[in-house]
Amino acid sequence: MTTTAHPSGQPGSPGQDDAELAEFGYRPELKRTLGNFHTFAAGISYISILTGTFQLFYFGYGSGGPAYWWSWPMVFVGQFMVALCFAELAARYPVAGSVYNWSKKIGNPHLGWLAGWMMLIASIVSISAVALAYQLTLPQISSFFQFVGDGTGTYDVATNAVILAAVLILFTTLVNAFGVKLMARINTAGVFIELIATVVLIVLFAVHITRGPQVVMDTQGTGSGYGAGYLGAFLVASLASAYVMYGFDTAASLGEESLDPSRNAPRAIIRAIVASFVLGGLILLLALMSVSSLKGDKLSTDGLQYVVLDVLGPTAGKAMLWCVLIAVTVCALAVHTAAIRLAFAMARDNNLPASSLLARCSPRFQTPVVPAVVIGILALAILVVNIRQPQIFTVVTSIGIIMIYLAYLGVTGPMLVARLRGRWQPAGDGKFSLGRWGLLVNIVAVVWGAAMTVNLIWPRASVYNAAPPFHWYLKWGAVLFVAVIAGGGYAYYWFVQRHRTGVLAEHALESPAAPTAPLATPAAD
């Protein structure tokens with residue numbers, strides 16, 4: 001690692017913005033065009049209030065009844081601790097591929113590669129999972145969008161979902177290939193519409209309430225099938241909230257394309273998760289208070305889409321569902337964008353196959369084009385593999401989230417070790433720092449991440465194989481897939497890629513200063 005002295009200059013100037021980049025030995029290549037709202041929009045569109053809540057309400061409600069709402073604040077508290085750690089890291093190291101570079105810097109190169117690898121695969125899987133949300137919304141707007149059968153056949157929904165999702169992935173691939181400026185414009189416009197629609201939806205739900213907030217104490221007897229009672233049902237239902245509140249690190253991953261990123265990225269991370277918590281929590285609460293009836297199976301099959309149509313009527317309800325569709329679109333776009341930056345960051349260190357191609361920036365658009373295309377193709381491949389699986393929504397989503405939680409642990413864990421050893425130094429100059437609260441926040445973030453990872457990956461039939469056809473590999477799908485990805489990927493790295501690692505010459509800082517000691521000593525080979 002090398003470092004250069006921070007140049008004097010105003011915050012947001014090119015020299016000041018590139019100072020932290022030089023510490024990694026990289027030369028600036030990506031075009032800095034993103035402002036404060038752009039970075040906030042990237043973070044909040046990845047979390048995407050309307051996408052996550054509308055995609056997974058049916059699962060949470062069906063598993064835990066109205067009382068599943070309490071998982072929303074529970075998940076927020078845990079993820080907020082992680083977000084605070086990430087905000088401190090973003091102030092210190094606002095570089096592309098945030099999770100990968102953070103883990104590498106505060107841990108060691110081997111751990112950094114594993115965290116980056118898990119995050120990269122998880123991001124590709126997440127693109128597919130988010131794109132599948134089109135199926136939950138478009139056929140509700142019009143039966144025209146159910147191209148395969150009438151939706152009642154065994155494979156109608158799953159196959160149609162793949163077709164709709166493929167269209168969205170092709171769109172996100174094209175937009176990202178044409179540069180960050182086009183992506184930012186579409187993403188910002190989409191987020192603006194999503195935020196307005198969210199506030200409008202909250203108001204409309206509020207004026208149609210038919211019961212009080214005590215509805216969130218109703219379990220509807222969902223704990224009867226568990227040995228631990230409602231706790232077992234609640235832990236399953238909490239996955240619906242865990243599946244939503246992540247991706248806030250995207251604001252930092254765009255650090256090399258942002259102005260004054262060491263100040264803007266931490267704010268964007270915190271604002272994104274807080275706004276998502278408040279707005280998403282109100283939507284879920286008011287939906288339960290305003291729906292005409294809590295009986296029947298519509299809430300646990302059609303989810304919030306059904307509530308919107310039930311409360312607002314067909315005209316206003318379908319108009320709102322179009323807004324949900326926009327939210328899904330910009331969410332998929334943000335996930336794809338973050339994956340590209342991560343692939344670029346790892347390839348720049350020669351840590352992926354064909355790194356020189358993956359790390360190449362388009363001279364015209366100043367953005368990595370090859371990763372955009374490759375990631376799009378891989379996301380499409382995941383859809384094709386699952387084309388005849390009726391349980392595609394839950395399995396694909398779960399696998400992606402588990403790996404993201406593991407990747408986050410690959411950052412918060414080494415950060416905690418660095419704190420305990422007295423090696424962590426937050427950014428100075430009045431930038432974001434947790435101060436004396438840092439150790440406590442970091443401990444909670446690690447404990448939360450480990451506990452939720454176990455809850456996510458636990459091979460329960462109620463999560464991974466709740467409906468026929470029943471196959472053991474579906475129930476154990478998450479464990480098997482994550483083990484293969486982590487074990488196989490790391491074996492490839494250890495025996496092949498680590499011997500090639502090192503900043504590619506075309507991406508290296510031309511005139512680095514004298515090397516300094518890294519934050520944490522890399523583990524021996």
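1. Let us start with overall size. In this predicted model, the protein has a radius of gyration of 22 Å. A compact globule of 525 residues would come out near 24 Å, so the value agrees with that picture. Along the principal axes, the C-alpha trace spans about 70 × 45 × 45 Å.

2. Next, the secondary structure. You will find 22 helices and zero strands as you go through the protein.

3. A word on how the chain packs. Of the 525 residues, 60% count as buried. Take the contacts between residues at least 6 apart in sequence: 82% of them join residues at least 24 apart.

4. Now the surface and the charges. The accessible surface comes to about 19400 Å², and carbon and sulfur atoms account for 68% of that area. The protein carries 29 positive and 22 negative side chains, with the centres of the two sets 2 Å apart.

5. Is Tyr46 buried or exposed? Its relative accessible area is 3%, and because buried means under 20%, Tyr46 counts as buried.

6. Which residues is Tyr46 in contact with, leaving aside neighbours within four places in sequence? They are Ser123, Tyr246, Gly247, Thr250, Cys331, Ala334, Val335, Ala338 and Ile404.

Definitions and conventions:
Residues are numbered from 1 along each chain as its sequence is written. This is a predicted model: local features need pLDDT of at least 70, side-chain atom pairs count only at pLDDT 80 or more; totals for chains, interfaces and linings use all residues. Side-chain values use heavy atoms; hydrogens and water are left out. Helices (H or I, at least four residues) and strands (E, at least two) are DSSP runs, numbered from the N terminus. The radius of gyration is taken over C-alpha atoms; the globule rule is 2.2 Å times the number of residues to the power 0.38. Buried means under 20% relative accessible area, exposed over 50%, partly exposed in between (1.4 Å probe, protein chains only). Contact means heavy atoms within 4.5 Å. Accessible areas come from the Shrake-Rupley method with a 1.4 Å probe; for residues, only the protein chains shown count as cover. Lys and Arg count as positive and Asp and Glu as negative; His and the chain ends are not counted. The place of a charge is taken as NZ of Lys, CZ of Arg, CG of Asp or CD of Glu.
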